[in-house]
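We will go stop by stop.

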Amino acid sequence: SYVVHRIDRDTSGLVLFARTTAARDALKEQFEQRTPERVYQAVVLGRPIPSEGVWRDTLAWDPSALRQRQAHGRDARGKDAEALYRVIEQFAEAAVVEVSLVTGKRNQIRVQAAMRGHPLLGERQYRFGAPPEPPSLPHVDRQALHAWKLGFVHPATGRRVNYTSPLPEDLETLLDALRRRK
């Protein structure tokens, strides 16, 4: 089988594989055209304001640091990064955010949330000066990010297919703990 798209290390959820090179190529073309629906759920620090909107940034991969950074106007490595977000549950010190990717850059959701002062709970790499997580918050051993929904045109049938993946146990436990704190 062939990998069609990837998710970050320590991110849970859906990953797409193709069984043939023709299917892989057809699916990769869809991703290049930005037609698949890719929806994630993330738990972020704080209260995103406004509670829904668009994140638009220019990001550049730094190969020496192995991380994304904000790119400036003349940076040839800069690539557009765009995502739609909406808060689906707000807690005192954290929020569950649904993020629909328009583009798909490496670490994009983690970077864009942190750039706005709302790093993912459990985030170790992208904090951009955000305060540390309050010790009173429930602990999670990885970034709280889950590839929840994936929709695309099946390369063999030509029909649209949609898949969802339930939240894994560690994120359900995190949300239960946050809900008990309300």
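Select β7 (residues 79-90) and β8 (94-101). These two strands run antiparallel and are joined by seven bridges. Strands pair if DSSP finds at least two bridges between them. Helices (H or I, at least four residues) and strands (E, at least two) are DSSP runs, numbered from the N terminus. Three residues lie between β7 and β8, and the two strands form a hairpin. Now pick Arg-86: its bridge partner in β8 is Glu-98.

A word on what you are viewing: this is a predicted model, where local features need pLDDT of at least 70, side-chain atom pairs count only at pLDDT 80 or more, and totals for chains, interfaces and linings use all residues. Residues are numbered from 1 along each chain as its sequence is written, and side-chain values use heavy atoms, with hydrogens and water left out.

β5 pairs with β7 in the antiparallel sense, over eight bridges. Click Val-54 to find Leu-84 of β7 standing opposite.

Step back to the loop between β4 and β5, where Pro-50 is found. Select Ile-49 and Pro-50 together. A cis peptide bond joins Ile-49 and Pro-50, with omega at about 0 degrees.

Now go to Leu-66, in the loop between β5 and β6 (67-70). Leu-66 is not a glycine, yet its phi is positive, about 55 degrees. Is Leu-66 buried or exposed? Leu-66 counts as exposed because its relative accessibility is 54%. The cut-offs, with a 1.4 Å probe and protein chains only, are: buried under 20% relative accessible area, exposed over 50%, partly exposed in between.

Compare Asn-107, in the loop between β8 and α2. Asn-107 also has a positive phi, near 60 degrees. At 8% relative accessibility, Asn-107 counts as buried.

Last stop: the largest pocket, with a volume of about 810 Å³. Select Arg-6, Arg-38, Gly-104, Lys-105 and Arg-106, the closest to its centre of the 29 residues that line it. On a 1 Å grid over the protein atoms alone, a pocket is an open set of points where a 1.4 Å probe fits, with protein on both sides within 12 Å along at least five of seven lines; lining residues have an atom within 4 Å of a point. Grid points are joined across faces, edges and corners, and the volume is the space filled by probe spheres set on the points.
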